[in-house]
Amino acid sequence: GCLALLLKAGGTTAAGITIIVDTTNDDLTNNSNCTLREAIKAANTQTSVDHCPAGHGADVIIVPPGVYTLTMGALSIQTDLTLNGAGTISTVID
């Protein structure tokens, strides 16, 4: 698997919130879930996206165990954030 991220180098930012991904799907559809892509968009734009709360500062995105297959292209991280998975064997972003 491969993960392509565009990272923004940033300075010191305010403490953020925790956004919890609740599906392995890859979409930007208003369907009452919080995908990894939607969580990153919520962090980037500091607005709620689908079921993901609005980011605020340097956010933490919790990525539960599972295989997250990116079907919509690379993820673009444009803010300071941390992705926390369940380990390299349990959480796979492909």
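Student: What does the accessible surface of the chain come to, and how much of it belongs to carbon and sulfur atoms?

Tutor: The surface comes to about 5100 Å², with 55% belonging to carbon and sulfur atoms. Such areas come from the Shrake-Rupley method with a 1.4 Å probe, and for residues only the protein chains shown count as cover. Please keep in mind that this is a predicted model, where local features need pLDDT of at least 70, side-chain atom pairs count only at pLDDT 80 or more, and totals for chains, interfaces and linings use all residues. Residues are numbered from 1 along each chain as its sequence is written, and side-chain values use heavy atoms, leaving out hydrogens and water.

Student: What makes Cys34 and Cys52 a disulfide?

Tutor: A disulfide is a pair of cysteine sulfur atoms within 2.5 Å. Here the S to S distance is 1.9 Å, so the pair meets that definition. The structure holds one disulfide. Cys34 lies in the loop between β2 (15-20) and α1 (36-45), and Cys52 in the loop between α1 and β3 (58-62), so the link ties together parts 18 residues apart in sequence. Helices (H or I, at least four residues) and strands (E, at least two) are DSSP runs, numbered from the N terminus.

Student: How do you know whether Cys34 is buried or exposed?

Tutor: Buried means under 20% relative accessible area, exposed over 50%, and partly exposed in between (1.4 Å probe, protein chains only). Cys34 has 1%, so Cys34 is buried. With 2%, Cys52 counts as buried too.

Student: What makes a group of residues a nonpolar core, and which residues have the most contacts inside the largest one?

Tutor: Its members are buried Ala, Val, Leu, Ile, Met, Phe, Trp, Tyr and Cys residues joined through side-chain atoms within 4.5 Å. The largest such core has 18 residues, and Ile19, Val21, Leu36, Ala39 and Ile61 have the most contacts inside it. Helix α1 gives the most to this core, with five residues. Leaving aside residues up to four places away in sequence, Ala39 touches Ile19, Val21, Cys34, Cys52 and Ile61, where contact means heavy atoms within 4.5 Å.
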